[in-house]
Amino acid sequence: MKVCVIGTGYVGLVTGACLARIGHHVICVDNNEEKVKVMQAGQSPIFEPGLSEILRESIDAGNIEFTTDLKAGVEHGDILFIAVGTPALPTGESDTRYVEAVARGIGSHLTGDYKVIVNKSTVPIGSGDWVKMIVLEGLAEAKKQAGGAVDTSNLDSKGLFDVVSNPEFLREGSAVFDTFNPDRIVLGGADPNAIAKMQQLYEPIVKRQFAEDQSLPPVPVVVTDLSSAEMVKYAANAFLATKISFINEVANICDRVGADVVQVGKGIGLDSRIGSKFLQAGLGWGGSCFPKDVSALVHTATDYGYEAILLESTIKVNRHQRVIVIEKLQQTLKILKGKTVGLLGLTFKPDTDDMRDAPALTLIDELNRLGAKVKAYDPLLSQSGSSHGLSNVSVETDVERLADHCDALVLVTDWEVFETLNYKRMAELMTHPVLIDGRNFLNRKMLEEAGFQYVGIGH
């Protein structure tokens, strides 16, 4: 099938590359010329395991192209994915101006051939109808500029395009795997023809032709209305964020009563009604999805006269969880002014270079406010040798330089490589061999034998 993906961030680029991998002809559109040149050269502008290989393979097969020309992309695609960013505004609501610009642009380039316009971006509930309206406005403006008198009240999308909601559930660091091995595919729309085209698009994935385990039953496809599909995305992320905030709250109680949250999490996770995932206590959640989506859902509830008390508490617990490490440092080192603290990891999770709303940013700000010197080492970010836009932190090139003359280390990101560091050597280099394990990730016994004073979260 002919596909156009507009926007080449995490969602857009992974979606485009994976659809090309399964045999569709994809044109990816982005307004950043330098980024497009990088992708045309077969390089991925983002770090995502497996993505670069798929990208080069699809380019060699002639299944994927990159351009800044929106008109060319719209004319090419029978299915047009809108995959631009919807960052959070200070109010908590989503900034939809990029979605609006793309929808208007699509409308201005429609030529009469039927299109399925797919909202892949995480958009506020009700955006399906709004996108349809904006596309029609773009169409009317284009006709007006062409010299025709246009009655916008009579414009109709029937036979010209339909809007479908197809939310993504990709985890950064596992996005390629998640695309080929999804738990479910959600399609929201009112037109059976549009839904049928989407089912045809995803058929190889539904039949697990590219799955890790091809013997599994077909991927469940949830077909629903536009608003319900949009709500599925928000509800899923809000639930997972709430689950993390819950176990972090339990961890803080464990710290006070002498219980071990790691054992508590294992005990409740074996309950089939609860499940073991997202029950790892630590520094809380961050990244590009959870903070934005939970805040947007709270904002939507407020717009419609409902106070989302549980979700507001989820955000509050997460905000507090980030400074728990500061409290533990103060309990261990007492005064932080003049002390040096090293951060193991910077990104909000392992296997990504994403720093959006990373807990490390809060720690850096708080430590600087309290007069501490901050150093950091990240397996990915330290390789580039730049400051990555971080102020008041020294990004070191190796872990021994990080440990040298440190008063404490804080494990911020649970990169797998951190399990096998030479902690004995690191302890010898430190002024005070203290390690705050912000993810309950490391082996306490191993660290204590290496000479560290180990402090966990509820552990």
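A: Helix 11 passes helix 12 in a left-handed crossing (the near helix is turned anticlockwise from the far one by less than a right angle; clockwise would be right-handed). Helices here are DSSP runs of H or I with at least four residues, and strands are E runs of at least two, numbered from the N terminus. The model is predicted, local features need pLDDT of at least 70, side-chain atom pairs count only at pLDDT 80 or more, and totals for chains, interfaces and linings use all residues. Residues are numbered from 1 along each chain as its sequence is written, and side-chain values use heavy atoms, with hydrogens and water left out.

Q: How do the axes of helix 11 and helix 12 lie, and which residues make the contact?
A: The axes of helix 11 and helix 12 (residues 309-321) come within 9 Å and cross at roughly 145 degrees; axes are lines fitted to C-alpha atoms, for helices over the stretch in contact, and angles run from 0 to 180 degrees between N-to-C directions. Val-294, Ser-295, Leu-297 and Val-298 of helix 11 meet Leu-311, Glu-312 and Ile-315 of helix 12 (contact means heavy atoms within 4.5 Å). By class they are five nonpolar, one polar and one charged (Ala, Val, Leu, Ile, Met, Phe, Trp, Tyr, Cys and Pro count as nonpolar, Asp, Glu, Lys and Arg as charged, the others, Gly among them, as polar).

Q: Why are helix 9 and helix 11 called roughly perpendicular?
A: The axes of helix 9 (residues 226-257) and helix 11 (residues 290-303) cross at roughly 110 degrees, coming within 9 Å. Angles under 35 degrees count as roughly parallel, over 145 as roughly antiparallel, 65 to 115 as roughly perpendicular and the rest as oblique. Helix 9 and helix 11 are therefore roughly perpendicular. The residues of this contact include Met-231, Tyr-234 and Ile-244 of helix 9 and Phe-290, Asp-293 and Leu-297 of helix 11.

Q: Why is Asn-252 called buried?
A: Its relative accessibility is 12%, so Asn-252 counts as buried (buried is under 20% relative accessible area, exposed over 50%, partly exposed in between, with a 1.4 Å probe and protein chains only). Asn-252 lies in helix 9. Apart from neighbours within four places in sequence, Asn-252 is in contact with His-320, Gln-321 and Ile-324.

Q: What makes Val-434 a buried residue?
A: Val-434 has a relative accessible area of 4%, so it is buried. Val-434 lies in strand 13 (residues 434-437). Leaving aside neighbours within four places in sequence, the contacts of Val-434 include Thr-332, Asp-407, Leu-409 and Phe-452.

Q: How do you know that the buried residues of helix 3 are on the same side?
A: The buried residues of helix 3 (residues 51-60) are Leu-51, Ile-54, Leu-55 and Ser-58. They cover an arc of only 100 degrees around the axis, which puts them on the same side of helix 3; the arc is that of the directions from the helix axis to the C-beta atoms. An α-helix has 3.6 residues a turn, so residues three or four places apart point the same way. The cover over these residues includes helix 1 (10-21), strand 3 (64-67) and helix 7 (175-180).
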